[in-house]
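Please keep the sequence and the structure open alongside the text.

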Amino acid sequence: MIDKDKYKDVNPVEEEVKTLESPKNNWYVDEKTLANADLPEEEREWFSDARPQVVPPIRWTPMEKFLNWARAKSLWILAFGTGCGAIELRPLLTARYDISRFGMAPRPTPRQASVFMIGGYVSLKTLKRIVRSYEQMQGPKFVVAVCSCAINGGMYWDSYNTIKRIDNYIPVDVYVTGCMPRPEAVLSGFQKLQQLIMDGKAEGQNLYAEKFDWYKANQKKVIKDWNMPDYNW
Amino acid sequence: MIDKYPKIVDGKSVYDLDSQKYLKMWQGPQHPGVTGNMSLELIISGDQVVACNTHVGYLHRGFEKLMERRRYINCFPIVCRICVPEPDTNEYLFAAATEELLGITVPEKAQWLRTLDLELSRLASFLMWIGGQSGSFGSGTVAQWAIANRDFVLDLFEELSGARIYHMYMIPGGVRGNLPEGWIEHTEKVLNNTEKLLDEIYIVLFNNAVFKSRAVGMGVITPEMIDQYGIVGPNARASGAARDIRKDNPYLVYDHLDFKIETETAGDTYARTLVRWKEMHQSISLIRQILKLMPKLGPIYTKLPNVLHMKVPAGETYVKAESTRGEYGYYIVADGTEFPRKITVRGPSYSHGMALLEDLVVGGNIADTHGLMLSLHTYPPEIER
Amino acid sequence: MNLKDVLSPLYVWKRAFEKPYTIRTEKEPRPGADRYRGFHQNDTEKCIGCGSCAEICQNESIDMIPVSETKDGDSGLRPRIDYGRCCWCALCVDICPSSSLTMSNAYTWIEEGLDKDTRETFCFTPGVDEKPWDNDEKGYRRPDGYDLSLLERVEMEELSPAERVTSFIEMVKGFSKEQAKREADRCIECGICTATCPGHMDIPGYIRAIREDDIEKGIEILYKTNPLPGVCGRICTRRCEDVCSLSLRGEAVSIRWLKRYLTDSAEAGKYRDLLHDEVVSSGKKVAIVGTGPGGLSAAYYLLRMGHEVEIFEQNEAAGGMLRYGIPEYRLPYGSLDNDINFIIELGAKLHLNTKVGKDISFDKLYKEFDAIFTSVGLTDSYKIGIEGEELPGVTTGLTVLKAVTMGQDPKLGDHIVVIGGGNVAMDAARTARHLGVDVTVVYRRRLEDMPADSDEIKEAIEENVEFITQGIPLKIEEGANGKLNFIWGKAEMVDNGSGKRPSPVLIEGSREVMEVTKVIAAIGQGANYGWLEGETTKQVKLGKRNIEADRWGKTDDPKIYVGGDMFNKTADAISAIADGHRSARAIDSYLAGEEYPKDRF
Amino acid sequence: MKTIYEDLNKRFTMSGYKQQRDDLAFVTVDKDQLVNAITYLKDYHKFTHLAFVTAVDWLEENEFQITYLLHNYELKVDLGLKVRLDRDNPTMDTIHHLWKQARVYQRELHEMFGIDFPGSPGVNDPMILESWEGPPPMRRDFDTKKYSEETYDHRERQHIEPEDHLRKQLYPED
């Protein structure tokens, strides 16, 4: 197992977090810092040391527009039901709401998916997996957060084990409120996302790359043992 | 590398992963087949599972802690969140336990409405489950049918209670609202369709060669295991134990209704699926009986003391009901203040999903783990709450 | 496995030829069910900003934020709902006392997440921030047959009208412990009443104390703002109950009777033990003129602040209008004495039968004392202003009440007429009824315009007091057998369009005669400022009706303070008590060399 | 129920029998005798089903209460056995040998309340929480709201109490 105290000494996160208040102003990018730089030497091999990169739009606008259109019309949803909101995803997939009409389909693995639907409350244990899954997803990737719990904690605002605002940990493109939002509302959320993608506004992935350190600091603030114990992920 | 796996299953040998003979494989929490989020840490040898360890806690919100600092009336919206596919059992149990501690009786009409709500939610929950069960065996069609049909049942809930999933209908003291106009006719239509669908499901699923060859003999629960593991509900009934709280300790108006306990003897996945399928028919029949027998008029709510500062006299009680997965219970300890001292939620998935599942999957192959998990009808939020 | 098993899955193809049931939401949005719990609506006109919704919300998702002007009974706050917290349980709708908060059946609200400060997203004030669902008619309302609020009062036991006219026994029996707890349980603790109460009593606080059966704490809370709780628990005009948020849909909490329950439950002698904090003597002396509620209140608080207090009363017993203006069946002298004795016990020096201006001059007081608080009330009854008023059979309501209090026979005969519709008129009329006299009340306007307490009017009717409304007195003549002929005319209500209430105008030629033994005028009182004459009071200015002073009761001479009916506009006991309290604090600051008190009470 | 209790009372130190309903009763058992009592109930009175094991934190009395709820399928009655433990050093005998699911309950109690069950398999493994550094969260002295406010990012509330607001607006000087 990992020696926690040792890890703490190397980890400068706790001091950093206090200074990182607003997502707008205080983030910084230090290209030289590796994503796994905080870790002890022998544990680095477990993690990727590559930072996410900002992908600028293609200069030739028609091409970019075409690509955005294509992206919007084939949203593949990661079938990771992170909270109770996921139950309304199931009816969406059936013939009654028929999400396939819009080119959307569930995918079992993050590597095939382009949309991450955060279904409501996110417990600490799940947050770790969410971050992991999100980082595994290939770009362009988008996040739709449904339910009030993902916006400001919802019912579990005073719970010790759920995070309150998901946009502190991963960038969210579209929010749908409700507890739960009906399938129609979730569907409208996806349609809104399509619209944003076509307008070239759904740049959550780039935001994550730009403010990578800010997001990481936030993630590390709540997830205490960031380096994995020997099981799971 | 140091051996990081000293303990996996107690009393069983330690699997040396470096020997290349065994492989550790994680299923979940991000896995499309898992109901709710839960992960199975499997040790496999070839295609065969040799050991399993379940991991829960991905959906832990600390309900029991949260309820300790909420007034009783404020626990009412929160309890239904404990089980998403079947919130009504939670609502009923919390309301019933609180009423018992307060010494309040609920009007007769409200009791009928509660029973109606419970049976409808049983139907919806089973439809959701049969979708998952067939989906886990590769029969996506039944999944599509069942879940779409469940949506029609949810429409009924929406008209009755004002919400699709979290109905928050059974408040301590009674229910919130009478049957809306035209609801009974709508229900009859939905029930007819569901009945038709169930027959179709029987043809497509239970006669299906693939399903038969996989489900028969898979994950057998022997009658001896029932008491050992505390198995309840359809899982126990599929192994021949005729136990149903609705019959044994009748609550609400179940003693006015005519139904029998559905049992099977094989105790395998097929039998469990069949028992639940029968119970769906039973639910439909119960709903029809309730609509026929229910009094047309009468109060639906007994006034509680002012809910903003209602104090519940000190005491404790345990109220249980038969949910789709078996015995569901609420143990409330009141200490005479406005806040409950402790509310323990006893979900049947607790024993099914952890102790039992860990032992049942051993010996099966990887592909069967989810079919097995679903056939036990576990639902992780109940375990971790 | 047989062939049937292999072929049976092919059955699914049957469905391929059915009509699809996909909902084309993108073309025609599907509305929620009729009682769907969608997004909130708020009728801001009906809403009183009581905050019950915020109180019952377990998610702290409702914030009360200032939106409109604050009025009596309307805080001007409106609920702002955070849909990042809401769980759509609709308990806020269920508890809403005004039924203004409802839910529409709209359910779609989508926001972009990026490039936006998400701290305010999904927060909105229904009814104020415009939303597409503002005018939706369907959606969740409080269902029939289900109501969380307790709208009905606990019955207060009273003597029957037939019983009570025979004596002067207090007619209201008071709550038992069980009844009081049940009544106290109804309070939703919104606190709207606290501001409206002139004395700003912590009403939810003492109601909570009753609920928790903590009488001592209740008494302590009462005495913080009101040293005459036994009196107020019986005769308070209870403006708190008028604004009680429960009264919007049901009956207000019986705040007055609950207060009475508290004082009745505590033994009089124990007050001193309950209110035990040490007082540091300041060595200053304050004179108080008048022992009405204002004077007593000022005396109590000044004593508690450590000043020496001397009170001057012209009558033979303290209490002022409480004693001489309110009949015994409403306020038994025992209860009044209880409250007064406690204040005297604290160390106030009481000079009875001492009229300032006659027995002792104001100038002398001014010289001897460091400050003077005067609260002598309105003592001179208004004249009716008709012919025959000076006849010996014509008297005033106050005269009758005072005579009864002093144990004298007011000599009313067998049928009297009372002119007026205020509380004094009702008291006089009912006192006469209790003495066995037939009473007719003549009032210029309609019954609903009467300024008297509605309960008083109701009880007067129960006691067979005859009411003549829209009757204008014209003349009083001497009649046969020493009786009087009271002549009056019918009036009609004319709306003169000025936005004021309609005024009565005599119908031309209408004239009725009634033979009575006595005519009692009770149409209001004015102040008598005869006592104020002297060297030292030059700075005190007289206004139109009242003495001019700032809101602390401080006149232009910082040594002289006024309060009570002669100062405030509302002219009731609790206002006088509040004046006394306020002036006491101002006097305290003045004596300490500060201009005004800084803290709130 | 009463007869079962009387039989139990002969063999074990019991107190506080309370018949809550016809089919439910609670009884307090001495800590050391609990496992014996449960075994006896299981073997001789057919209380073959363990519904749940839970703990209640009586912080004021510095005690934990563990409740075992047993069910008898023949008589169709529930019996709750309560045990009081010292809160400073909470240790309880394990019953995992009687029911297989008991070890899961005990594992949860260990995690959520910090009650130790020596000998129960895997009782020290983290179950629900992961890398939890605070005190066992279900203990009453752990304030979840405070923890949540310190750890996570909330939006600020703008709530104004109507009572204060009314007084400030209408009678600012009082």
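In this predicted model, the contact between chain D and chain C takes 16 residues from chain D and 25 residues from chain C. On the side of chain D that touches chain C, the residues divide into five nonpolar, four polar and seven charged.

Chain C also meets chain A, in a contact that draws 28 residues from chain C and 35 residues from chain A. Within the chain C side of that contact, strand β5 (residues 110–112) of chain C gives the most, with three residues. Sorted by class, the side of chain C that touches chain A holds 13 nonpolar, eight polar and seven charged residues.

Chain C itself has a secondary structure of 20 helices and 22 strands. Its domain assignment gives domain 1 (25–148), domain 2 (161–273), domain 3 (282–379 + 551–591) and domain 4 (382–493 + 502–524), so that domain 3 and domain 4 are each written as two segments under an assignment that is automatic or from a database. Taken over C-alpha atoms, the centres of domain 1 of chain C and domain 2 of chain C are separated by 34 Å. The contact between these two domains takes 10 residues from domain 1 of chain C and nine residues from domain 2 of chain C, and on the domain 1 side the residues that touch domain 2 comprise three nonpolar, six polar and one charged.

Chain B, in turn, has 14 helices and eight strands. The radius of gyration of chain B is 22 Å, close to the 21 Å that the globule rule gives for 385 residues, and chain B is therefore as compact as a globular protein of that length.

Which residues touch the most other members of the largest nonpolar core? Of the 390 residues in that core, they are A:Val144, C:Cys92, C:Ala299 and C:Val418. Helix α4 (residues 108–136) of chain B gives the most to this core, with 13 residues. As general background, nonpolar side chains in soluble globular proteins tend to be buried together. Leaving out residues up to four places away in sequence, C:Val418 touches C:Gly397, C:Ala425, C:Ala428, C:Ala429, C:Val439, C:Val441, C:Ile520 and C:Ala522.

B:Val175 has its place in strand β5 (residues 174–175) of chain B, and it counts as buried because 29 other C-beta atoms lie within 10 Å, where the cut-off is 20 or more. Apart from neighbours within four places in sequence, B:Val175 is in contact with B:Ala110, B:Leu113, B:Arg114, B:Tyr169, B:Met170, B:Ile300 and B:Tyr301. The C-alpha atoms of B:Val175 and B:Lys109 are separated by 9.2 Å, although the two residues are 66 residues apart along the chain.

Not counting residues up to four places away in sequence, B:Glu322 touches B:Gly233, B:Asp244, B:Ile245, B:Arg246 and B:Glu327. B:Glu322 and B:His167, which are 155 residues apart in sequence, lie 18 Å apart in space, C-alpha to C-alpha.

Finally, in chain A, helix α7 (residues 183–198) has 16 residues and reaches 23 Å from its first C-alpha to its last, close to the 22 Å expected at 1.5 Å a residue. Helix α7 of chain A is mostly covered, with 13 of its 16 residues buried. Just after this helix, A:Gly200 takes a positive phi of about 75 degrees.

Notes:
Residues are numbered from 1 along each chain as its sequence is written. Chains are lettered from A and ligands numbered from 1 in the order in which they are written. This is a predicted model: local features need pLDDT of at least 70, side-chain atom pairs count only at pLDDT 80 or more; totals for chains, interfaces and linings use all residues. Two residues are in contact if their C-beta atoms, placed from the backbone, lie within 7 Å. Ala, Val, Leu, Ile, Met, Phe, Trp, Tyr, Cys and Pro count as nonpolar, Asp, Glu, Lys and Arg as charged, and the others, Gly among them, as polar. Helices (H or I, at least four residues) and strands (E, at least two) are DSSP runs, numbered from the N terminus. The expected span of a helix is 1.5 Å times one less than its number of residues. A residue is buried if 20 or more other C-beta atoms lie within 10 Å of its own, exposed if 12 or fewer, and partly exposed in between; C-beta atoms are placed from the backbone. The radius of gyration is taken over C-alpha atoms; the globule rule is 2.2 Å times the number of residues to the power 0.38. A nonpolar core is a set of buried Ala, Val, Leu, Ile, Met, Phe, Trp, Tyr and Cys residues joined through C-beta atoms within 7 Å.
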